[in-house]
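Got your viewer open and a way to select residues by number? Let's take a short walk from stop to stop.

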Amino acid sequence: MAAEAVVDVVALGESMVTFLPARPGRLADVPSFDRGIGGAESNVACALAAAGHTARWVSRVGADGFGDHLIETIGGYGVDTSAVGRDPHRPTGIYFRTADDRDTDTHEVVYYRAGSAASAMSPSSVDEDALAAGRILHLSGITPALSADCLALVRHLCTRRADRAPLVSFDVNHRPGLWKDATDGPGVLLDLARGADLVFVGEDEAAAAWGVTGGPDAIRAALPEPATLVVKQGSRGATVHRHGEAPVFRAALRVDVVAPVGAGDAFAAGFLSATLRGLPADRCLRHGHLMAAAALTVPGDLATPPARAHADRLAALDDAAWETLRLGPGWTDHVPEDTEAEEEVRTP
């Protein structure tokens with residue numbers, strides 16, 4: 001990690017204004033929408049800032065009202081937005097989605113991001129000093145799919161070299177629909193992941209993108225380079241492989257899900273938060289699960305994380321107590337300090 005870091009985490013990527021339906025149904029049938037924000041990397045930055053870390057978001061937005069909204073909203077979480085560029089010639093990206101789970105056939109997402117300000121990011125248009133100012137630089141596989149210039153930028157940042165200061169975190173985030181040639185994406189993402197220090201990938205993503213089946217050990221065999229590899233295994237849990245250590249699995253929590261959107265970004269934020277604190281692999285996984293549970297129990301992408309002391313108590317539970325927890329909406333609200341962790345999160 002960088003010795004002279006200004007912030008804990010720098011997150012690079014596009015954020016868009018999101019229009020969320022006021023009721024379930026097809027986009028053609030929904031009469032009104034509520035405005036929000038959406039962006040994998042900015043979600044991670046906001047969650048980390050809300051959890052007490054210093055975070056910076058680096059991107060480009062249009063010189064328009066939607067760009068104003070993104071900067072003001074993300075900045076409102078305590079994220080440094082001073083390195084976000086304004087583009088007078090390209091718009092801020094927006095998208096509309098239905099209320100359904102994105103894994104169902106009824107889920108619809110319509111993006112208006114082609115030619116967006118963020119798609120013009122390149123090695124020459126982004127302040128590299130701003131990117132190098134964090135202990136961790138967080139990237140995702142969404143950015144390189146936006147344009148050739150964005151791909152060149154992420155390739156540069158994921159290139160291993162002696163003077164690379166921050167620890168590079170890379171969430172694979174395989175989105176086939178974003179790649180102009182869907183056959184290009186998997187190979188590009190594998191190359192980028194091999195250059196990162198810490199990689200997040202779903203077991204299902206690895207199978208879909210690279211044809212790698214057989215679980216975390218098989219994925220590790222395909223990705224031996226990163227010092228830390230986190231394999232997300234859906235509702236079962238997650239496994240972390242670290243160089244020089246035995247792999248560690250920790251079960252996910254039982255959660256009364258309100259909306260699944262944003263859980264992956266929240267998991268990454270929780271894991272990175274624990275990494276910044278120097279916690280061992282098993283605690284990093286549990287903090288990832290706790291942050292994901294916070295996101296799963298609210299309607300939007302972003303949730304108030306549990307207080308650090310609260311999360312630490314829950315993460316320290318033995319396996320039997322951990323597996324009996326069931327988290328529902330509102331579980332991250334303030335809890336009296338003298339309440340036993342096992343009782344804090346029980347829902348009616």
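Which side chain does Arg-236 meet in a salt bridge? Select Arg-236 and Glu-203: their side chains form that bridge, at 2.2 Å from N to O. A salt bridge here means a side-chain nitrogen of Lys or Arg within 4 Å of a carboxyl oxygen of Asp or Glu.

Before you click on, a word about what you're looking at: this is a predicted model, where local features need pLDDT of at least 70 and side-chain atom pairs count only at pLDDT 80 or more, while totals for chains, interfaces and linings use all residues. Residues are numbered from 1 along each chain as its sequence is written, and side-chain values use heavy atoms, with hydrogens and water left out.

**Still at the first pair.** Arg-236 sits in the loop between strand S12 (228-232) and strand S13 (237-242), and Glu-203 belongs to helix H6 (residues 203-210), so the two are 33 residues apart. Helices (H or I, at least four residues) and strands (E, at least two) are DSSP runs, numbered from the N terminus. Arg-236 is partly exposed at 49% relative accessible area, whereas Glu-203 is buried at 19%. The cut-offs: buried is under 20% relative accessible area, exposed is over 50%, and partly exposed is in between (1.4 Å probe, protein chains only).

**Next, select Arg-160 and Asp-197.** Here's another salt bridge, with the closest N and O atoms 3.6 Å apart. Arg-160 is in the loop between helix H4 (148-158) and strand S10 (167-171), and Asp-197 is in the loop between helix H5 (184-195) and strand S11 (198-202), so this pair ties together parts 37 residues apart in sequence. Arg-160 is partly exposed at 41%; Asp-197 is buried at 19%.

**More bridges.** Across the whole structure, a search finds 16 salt bridges.

**Now jump to S13 and strand S14 (residues 248-251).** They pair in the antiparallel sense over 4 bridges; pairing requires that DSSP finds at least two bridges between the strands. Pick Ala-238 and you'll find Arg-250 of S14 opposite. The two strands form a hairpin with 5 residues between them, and Gly-244 in the turn has a positive phi of about 80°.
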